[in-house]
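Hi,

Here is the structure I promised to pass on.

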Amino acid sequence: ERDYEAVMSSKEWLRREFSEDEFWPADDMTLQDNLRDLQFHQADFEQRRSFTYTVETPAGDLCLGCVYIYPCHRGHYDAQIYYWVRDSVIANGFDEELGVFVRQWLRQVWPFKQPVYPGRDLPWCEWKRLGESTT
């Protein structure tokens, strides 16, 4: 429920931020739809295909956003990273704070040589022009 509430309370911002997915989240997305999405992410996580993390308050009582780490098959990148925060914490700079943390965490802990942040460090128009790599 916390994830669903965060997504739905921030849907206009999410649609702008993830212009590649202008349809997400749908206006009529239900709690069950969100649960299916979370189950998909959990299955990918367990099978080590991709990794999704919920960002919460220290008490765990509020979902602040999410971080997604996917393998990348475009250009020379080896991982594509997405993150978002709920509308209510954007004004206090939490989006930037999370971005700094994620980049530092990936450099220190993950084995990626060339991660990409579509829509952030690489504009969506350039991301969309990148072809699938052959490696």
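Two bits of housekeeping first. This is a predicted model, where local features need pLDDT of at least 70 and side-chain atom pairs count only at pLDDT 80 or more, while totals for chains, interfaces and linings use all residues. Residues are numbered from 1 along each chain as its sequence is written, and side-chain values use heavy atoms, with hydrogens and water left out.

**The sheet**

There is an open sheet of four strands in the order 1-2-3-4, with mixed pairing. Strands (E, at least two residues) and helices (H or I, at least four) are DSSP runs numbered from the N terminus, and two strands pair if DSSP finds at least two bridges between them. Strand 1 and strand 4 (115-116) are the edges, each pairing on one side only. Strand 1 (51-56) runs antiparallel to strand 2 (residues 63-71), with six bridges; F51 has I69 as its bridge partner in strand 2. Strand 2 and strand 3 are also antiparallel, joined by seven bridges, and G65 sits opposite V85 in strand 3. Strand 3 and strand 4 are parallel, with two bridges, and A79 is opposite P115 in strand 4. From strand 3 the chain goes through helix 4 to strand 4, a right-handed β-α-β crossover (clockwise from the first strand over the helix to the second, with the strands pointing away from the viewer).

**What covers it**

Which residues of strand 3 are buried on each side? A79, I81, Y83 and V85 are buried on one side, and Q80, Y82 and W84 on the other (buried means under 20% relative accessible area, exposed over 50%, with a 1.4 Å probe and protein chains only). Helix 1 (residues 2-9) lies across strand 1, strand 2 and strand 3 (79-85), and helix 4 (residues 94-109) lies across strand 1, strand 2 and strand 3 too.

**The cores**

The largest nonpolar core has 19 residues, and V7, L14, F18, W24, W84 and W127 have the most contacts inside it (a core is a set of buried Ala, Val, Leu, Ile, Met, Phe, Trp, Tyr and Cys residues joined through side-chain atoms within 4.5 Å). Helix 1, helix 2 (11-17), strand 2, strand 3 and helix 5 (124-129) each supply at least two of its residues. Apart from it lies another core of 17 residues, including L64, F94, W105 and L106.

R48, in the loop between helix 3 (31-46) and strand 1, has a positive phi of about 60 degrees although it is not a glycine. Most residues other than glycine have a negative phi. R48 is exposed, at 65% relative accessible area.

Cheers

Conventions. Contact = heavy atoms within 4.5 Å. Axes fitted to C-alpha atoms, helices over the stretch in contact; angles between N-to-C directions.
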